[in-house]
Amino acid sequence: MSRTGVATSGGAQTRWAGVFAGAWLVVLVLLLGPSAGAIPMAVIGGLLLVISGELVAGRVADVRLVLRTSRLSSAAMIATFAATTQIPLQQAIFVGAGLSIVLFAVQVASRGRIVELVPTDDGADFRVAEVPTALPSGRTTVLHYVGTGFFAEVNRLEEEWPHTAGTHDAGLVVSLRGSAGIPSTTFLKSLDRLIDRWHARGVEVVLCGVPDDLRRRLDTGGVTDRLTGAILSDAGGVLTSVREAYDLVESRRRARAATEGDPGGDVPPPRAERPPRCHRVAMASESKPPAASIVDQQQAVRDSLPFSDTQDFEDATRGLIGRRQPNAVTADDGTVLWDNDTYAYLDGDAPDSVNPSLWRQSRLNAIDGLFEVVPGIYQVRGMDLSNTTFVEGDEGVVVIDTLLSVETGAAALALYREHRGDRPVKAVVYTHSHADHFGGTKGFVSPEDVEAGRVRVFAPEGFLEHAVSENVYAGVAMNRRAGYMYGAALARGPQGQVGAGLGQTLSVGEVSLVPPTDTISTTGHEEVVDGVRLVFQMAPGTEAPSEMLIYLPDFQALCAAEDATHTLHNLLTLRGAVVRDPHAWARYLTETIDLFGDVEVVFASHHWPTWGRERVVKYLQDQRDIYAYLHDQTLRMLNQGLTGPEIAEEITLPPALENAWNARGYYGSVSHNVKAIYQRYLGWFDGNPAHLWEHPPVERAKRYVELGGGADAVVEAARAAYDAGDFRWVAELVNHVVFAEPDHAAARELLADTYEQLGYGAENGTWRDFFLSGATELRDGQFGTPTETNAPDVIANLSPEMLFDALAIQVNGPLAWDEKLTVDVVLTDTGDRYRLRLAHGVLTYSAAPQRGEADATLTASKQALPVLAMGGLPPEKLAAVGIELSGDPAVLGRLVAVLEPGDKDFAIVTP
């Protein structure tokens, strides 16, 4: 009961009755208060029952009306009445009010909806239709939102907006006329997310029918800034606003299609969410001779290093049995895959366009042929970037490392057999997980012989995982950068490519991968194959994440894999990789010296052997000490507050290492190895807040160019620095101009000339290749990716989990924000089952049992599965390789629509 209810039942006409009733109550209490105690409580209780009964009887019609018209209101009424019988009246009122609010929110959430307005054939009107599941391509869609913008309805409706996966050349009109004009923050956030998704697919968007009060809220919420000129008011009525918006979107969409070209069909459009990372401008400029400062630098190198020491030349030619003449390897169609004869110019003294130390190293690396290491062990060198080694057994041979390409591998085997007889291959040993040591295997053995057990394949623990993951996950970027690193597209000659320090360059043939049959995981483990004793030393995390050295006790010979070579190796290769551990590297070389004290010769997967116990030990010590020194000194200096670039400038090597030819930086360098060590321990951030949130390269370049007085002024200042021989400063200055104005011809030419001079002066072969490759692309345009290690054979060895990861890293997140799908993958030969789920722009997978049915199911053998990583998702292609598709076939199309393969020709020296 309430005071108002009692007054009304007594005949009151206004709320003032309560005031008068209260005044009379005060008078009565004052006059009759003393007599109230004489009234029995039973009488008072009866009076209250009579009054409440009259009130309820007077409200019977209202109660019936509520029960007939609204279940939610009925529930609130009954719950409130029940509360009055159990708790104090004021608390029951709060319960009723709160319940009413909750039920109102539920009611609102159920009423909001989205419908499509489809133009009639005559274009004069619109008809209402169901919202499409996917936003259609090639036309403008009108969606009409009816609701209050209340948070309770927004979360439900967000699932009903059509997804945009695969959408292209689309326009969208969103009518908000039905909105109450009081949107919640949730509504504004949801609208902001939707606009992001629409713009990510290049959808032209206009909001129409927007009331003034809603427009003000869109302004304050930042939505208006996202849709400049694309928010129309509700003046003139719903249809007028919709027609105006529809015409505006159609005109914009068609104008863009005419400019960009209509892709047609179901071909996805160019990725509109970001500008292309490629600027193709070729220019007609030629190589320049070395500048005077470079000539002086080369002379300083000649004066400072022990060029009179010719021991390496004696070792590199020792044991020569025969050469392949001409030493060119071609494909069946005549394409040249390897041609070592192009390095015939490497003779005599170094020209001024090549660092004399690098010239010396390249002359040594270019010495090719079949060599006897000791009787029974033979190497083919100069047939690829790496070496292959033959260890003769009772009947056949054990092959250690197989080069990069099948074709060069087959040529190396033929050269060996030409001089040593047609011995069968009994085993192959992979020293580590880099492609130039396993890629040529099919040139030596057939997979059938391996499967039949006629050939064993040994590899260190973790080999297959690292060999595949490194070449697949980041393979596109690594291969593109490797083209720069090895100078694969450069002309051979004194002003071009002279070698990569570790070897001359990469072959460009077929890369194969035969999985290992035997995995080695323990130092000291011994195997005997065809009478050949092999003792293994594990060295993970050194030059490769999976690596091992091999001692041949019957020959007193050590294969050092790639942990001891005639160069300072990379701790972080310029093509990109995980930073290697110099501390572990040095520790393992100490273990090598301790384990194999009777060694008489050491050979490696690159370069030439070293003979004699004393020379071998000194060679291994020098190699160990260079990595230990760089590690320890970098940590000492970073703990004094120096950054990576500062340490690289200040660090100096002890004279014994500075003058040791095998410790010179032909492949790795002191400079970039020191920075790698800093990165390994402290990461990319140097602690300076100014470097914590810098502008990206293009935006930074624009600001620097503006600060420098414009592009022409910066170029002129850079020319003065060029004339002074400060090429590092020129490169920094003019790089800003090229990134700010990629078509600036003078800047491109000066930057190309500068890279060329830096290349001429570089002792490091990969630095020279990078500088000259950059100059080449600035002058002649991009050359793409000459060699790919993420070959079909490598991809075919992906485990299911690695395959799913390889797909996941291709998902374009923003394009997949509003896509949700599930795919089951069932493997017939292993019995494994996986559930793939795409949601929130992320492709995840699980092998655990899942509830419910997936949208689609793929049933296949494990061997057939890798076709998915090679773009093989069309149903007809799946069926051709034995993959059965059940469920919704459109699901795979939706998945393909959000996959974005890597760009094999992305820009490096231009934006």
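Helices here are DSSP runs of H or I with at least four residues, numbered from the N terminus. Buried means under 20% relative accessible area, with a 1.4 Å probe and protein chains only.

On provenance, this is a predicted model, where local features need pLDDT of at least 70, side-chain atom pairs count only at pLDDT 80 or more, and totals for chains, interfaces and linings use all residues. Residues are numbered from 1 along each chain as its sequence is written, and side-chain values use heavy atoms, with hydrogens and water left out.

Back to α28. The buried set is Gly 765, Thr 766, Arg 768, Asp 769, Leu 772, Ser 773, Gly 774, Ala 775, Glu 777, Leu 778 and Arg 779.

What about the length of α28? The helix has 16 residues, 765-780, so at 1.5 Å a residue it should span 22 Å, and its end C-alpha atoms are 22 Å apart, which agrees. The expected span is 1.5 Å times one less than the number of residues. After α28 comes Gly 781, with a positive phi near 95 degrees.

Next, Ile 795, which sits in helix α29, residues 792-795. Ile 795 is buried, at 11% relative accessible area. Its C-alpha atom is 9.2 Å from that of Leu 513, 282 residues away along the chain.

How values were computed: Helix = DSSP H or I, 4+ residues; strand = E, 2+ residues; numbered from the N terminus. Buried < 20%, exposed > 50% of the residue type's maximum accessible area, 1.4 Å probe, protein only.
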